[in-house]
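Please consult the sequence and structure shown below while reading.

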Amino acid sequence: MKRTNGTTDQRAMGLGVLMVMAMLWLPGCAGRTGSPIAQLEPPTPPVLLADAAGASAQVSDATEKSSDDLFDPFAKSGEDGIEEYDPWEPLNTKVFEFNRQVDRWILKPVAQGYNFVMPNPVQIGISNFFYNLRFPPRFFNNIFQGKAKGAGIEMGRFLVNTTAGVGGLFDVAQHLDLKTPEEDTGQTLGFYGVGPGPYLMIPLLPPFTVRDLFGFLGDIALNPINWLVAPIIEVKGVPSVIAHKNRMTSSVVQLGSRVFEIVNDRSLNLEKYQGVEEATLDLYAAVRNAYLQQRAKAIRE
């Protein structure tokens, strides 16, 4: 039976919506990937390691360096100038539990199987690759905040890791001391005085404040891949690698790559998340507190 163009477009658009939701799922910007409990740990790039041989040693070093700057998930509201504005807490807790069960029954088992067949050095390389692809939002937000040095370092990291690092699979730039705090659109809004607004949990997404949710969408718009390669944003007159009319192909590419990245990231953090869950009684409050501390610190920097 021959399908009409209208039916095909409707199905393609429907799949596109599902793709966007999956692409946003538990990622987020700036290192928000994996489990809903990820915010209990200090924010770090996704395991930026230069080579497989030194992986264990560098993870150990990173842990030791961050030990003096851990976020306290049990700090009382108002400490360190952090206001826990959570007027939607009854709904947020339900959404948080839903996300946690999705992680428990779907994401974690898949990640465990993936971890069994995929060597850790390969997982690290994949994580580095996806981090390198998200260079544009970090670069532009440094510029928006007037951080010329940070923008230069981000550009240097991208060029070095894309060339000498084989497309970003290896973080060669770290050996050249090309390191700078990550910047995102949520931080840029905060830099210009936009308040965080209420704390917010959304199904299949990481924690946010209202400001950071808008910032997260801004980061998606700032990444040229999303409108020049596999467009989920169509700009009239601007060509793309996958033609705008081929919505199904763009949807499959975006959905497949996002799910792959999420599973890879969850696999790299299986033990860390397990330990946090077992040691925390009020997981929702701990995640909220740690997330708000992290974001406030990132904006101050």
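Rings of Phe, Tyr and Trp (its six-membered ring) are taken as paired if their centres lie within 6.5 Å; planes under 30 degrees apart are called stacked, those over 60 edge-to-face, and the rest tilted. By this rule, the structure holds 12 aromatic pairs. Two edge-to-face pairs are set out here.

| Pair | Centre to centre | Angle between planes |
|---|---|---|
| F129 and F130 | 5.6 Å | 70 degrees |
| Y199 and Y284 | 6.1 Å | 75 degrees |

The model is predicted: local features require pLDDT of at least 70 and side-chain atom pairs count only at pLDDT 80 or more, whereas totals for chains, interfaces and linings use all residues. Residues are numbered from 1 along each chain as its sequence is written, and side-chain values use heavy atoms, with hydrogens and water left out.

Exposure is expressed as relative accessible area (buried under 20%, exposed over 50%, partly exposed in between; 1.4 Å probe, protein chains only). F129 is partly exposed at 32%, while F130 is buried at 10%. In the tyrosine pair, Y199 is buried at 1%, and Y284 is buried at 7%.

Helices (H or I, at least four residues) and strands (E, at least two) are DSSP runs numbered from the N terminus. Y199 belongs to strand β1 (residues 199-200) and Y284 to helix α12 (residues 283-300), so their pairing ties together parts 85 residues apart in sequence.

Ring pairs also join F135, F139, F140, F144 and F158 into a cluster. A charge sits over a ring if NZ of Lys or CZ of Arg is within 6 Å of the ring centre and within 35 degrees of the ring normal. R138 lies in this way over the face of Y131, 3.9 Å from the ring centre.

A nonpolar surface patch consists of F140, I143, F144, F191 and Y192, with about 480 Å² of accessible area together. Patch residues have over 30% relative accessible area and no salt bridge, and nonpolar side chains (Val, Leu, Ile, Met, Phe, Trp, Tyr) are joined within 5 Å, like charges within 9 Å. A salt bridge is a side-chain nitrogen of Lys or Arg within 4 Å of a carboxyl oxygen of Asp or Glu. Areas come from the Shrake-Rupley method with a 1.4 Å probe; for residues, only the protein chains shown count as cover. Helix α5 (residues 135-144) contributes the most to the patch, with three residues. Y192 lies in the loop between α7 and β1 and is exposed at 55%.
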